[in-house]
Amino acid sequence: MGTREMDRDLERLIPLSITDNANCSKSSSPSDSPAATAAAPAGNEALGKVIRSWAWKKFMTGCVILLPLAITFYITWWFIHLVDGFFSPIYIHLGMNIFGLGFLTSITFIFLVGVFMSSWVGASLLALGEWFIKKMPLMSYIYAASKQISAAISPVSDQTSQAFKEVAIVRHPRIGEYAIGFITSTIILRKTSGAEELCCVYVPTNHLYLGDIFLINSKDIMRPNLSVREGIEIVISGGMSIPKVLTIVDTQFILSPRVGKLTVPQV
């Protein structure tokens, strides 16, 4: 009797345990739990954000690299077409439709003009042409402004003929703020208390063509270790090409044809 009862108990317990284990395994399945159901879309959304962020960064990196190259090639190609258009109609009329031939002719013509204007005859003709232009009401102002700008950035102009003599740093517009400008000339200001040497400083406000003119005492001007060309590059680039460290040069060591030539008269 005892053995039969034990067998019956085992038969009763074994199906129950298997059923309980199956039910437990089903109830403990992560796919059926509410937390697991909510976590799965959240994980997919986070993965999608990471992929989109990575793709956007790589796309912007490509744009940053290719945009300057595209602008450079576009401007160069436009300039070649512009210069080529001066003499290419002549070659087309002669039956020589070769791209680039007009560009080479234009470059050669500019070179020959530079060689001719360097001579005494060319300089005399240029002076005569400038005299006629200065007699014209509107063209005289345009020619004078463009000539000063070209003389300022010309690598062959000497210090006395350059429109911009030196790069200057002045306190503007208020104390604690500074502006980069260019010294264009030096004047003597006569006052009842005496005479004062002032420097005419041009501070660009719109790239290089428009700006303000200030008359500042030469002692209040800071002269950095920058050439005029470097100063122009800083202004045109919006300050992106400015050096990390600027050194102010002592005025008594500056060998400039402008400094020390004006004698301050005694009043």
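Me: How many disulfides does the count come to?

Reply: The model is a predicted one, and the count comes to 0 disulfides.

Me: What makes the sulfur of cysteine 199 too far from the closest cysteine sulfur for a bond?

Reply: The closest cysteine sulfur to that of cysteine 199 belongs to cysteine 200, at 8.8 Å. A disulfide requires two cysteine sulfur atoms within 2.5 Å, so at 8.8 Å cysteine 199 is too far away for a bond. Cysteine 200 is likewise in no disulfide, its nearest cysteine sulfur being that of cysteine 199.

Me: Why do cysteine 199 and cysteine 200 count as buried?

Reply: The term buried applies under 20% relative accessible area. Cysteine 199 has 0% relative accessibility, so it counts as buried. Cysteine 200 has a relative accessible area of 13% and is therefore buried as well.

Me: How do you know that glutamate 166 and arginine 223 meet in a salt bridge?

Reply: Their side chains come to 3.1 Å, N to O. The cut-off for a salt bridge is 4 Å, so the pair at 3.1 Å qualifies. This pair links distant parts of the chain, with glutamate 166 in strand E1 (residues 166-171) and arginine 223 in strand E5 (residues 223-224), 57 residues apart.

Me: Are glutamate 166 and arginine 223 buried or exposed?

Reply: Glutamate 166 has 10% relative accessibility and so counts as buried. Arginine 223, with a relative accessible area of 5%, is buried too.

Me: Which residue forms a salt bridge with lysine 191, and why is lysine 191 called partly exposed?

Reply: Lysine 191 forms its salt bridge with glutamate 196, where the closest N and O atoms are 3.0 Å apart. The relative accessible area of lysine 191 is 36%. Partly exposed covers values between the 20% limit for buried and the 50% limit for exposed, so lysine 191 at 36% is partly exposed. A search of the whole structure finds 2 salt bridges.

Me: What makes strands E2 and E3 a pair?

Reply: Strand E2 (residues 178-191) and strand E3 (residues 194-206) run antiparallel and are joined by 9 bridges. One example is isoleucine 188, whose bridge partner in E3 is glutamate 197. A hairpin joins E2 to E3 through 2 residues.

Me: How do you know that E3 also pairs with strand E4?

Reply: E3 and strand E4 (residues 210-217), which run antiparallel, are joined by 8 bridges. At least two are needed, so E3 and E4 pair. Among the residues involved, asparagine 206 has leucine 210 in E4 as its bridge partner.

Me: Which residues make up the largest nonpolar core?

Reply: This core has 10 residues in all, including Ala163, Phe164, Phe182, Tyr202 and Leu226. Helix H6 (residues 228-236) gives the most to this core, with 4 residues. Another core, of 9 residues, lies apart from it and has Ala179, Cys199, Val203 and Ile221 among its members.

Me: Why does serine 140 count as buried, and what does its side chain reach?

Reply: Serine 140 is found in helix H5 (residues 137-153). Its relative accessibility is 15%, so serine 140 counts as buried, the limit being 20%. The side chain of serine 140 reaches the backbone oxygen of proline 137 at 3.1 Å, and the cut-off for a polar contact is 3.5 Å. Leaving aside neighbours within four places in sequence, serine 140 is in contact with Ile133 and Lys134.

Technical notes
Residues are numbered from 1 along each chain as its sequence is written. This is a predicted model: local features need pLDDT of at least 70, side-chain atom pairs count only at pLDDT 80 or more; totals for chains, interfaces and linings use all residues. Side-chain values use heavy atoms; hydrogens and water are left out. Buried means under 20% relative accessible area, exposed over 50%, partly exposed in between (1.4 Å probe, protein chains only). A polar contact is a pair of N or O atoms within 3.5 Å; within protein, one must be able to donate a hydrogen and the other to accept it, and residues adjacent in sequence count only if both atoms are side-chain atoms. Contact means heavy atoms within 4.5 Å. A nonpolar core is a set of buried Ala, Val, Leu, Ile, Met, Phe, Trp, Tyr and Cys residues joined through side-chain atoms within 4.5 Å.
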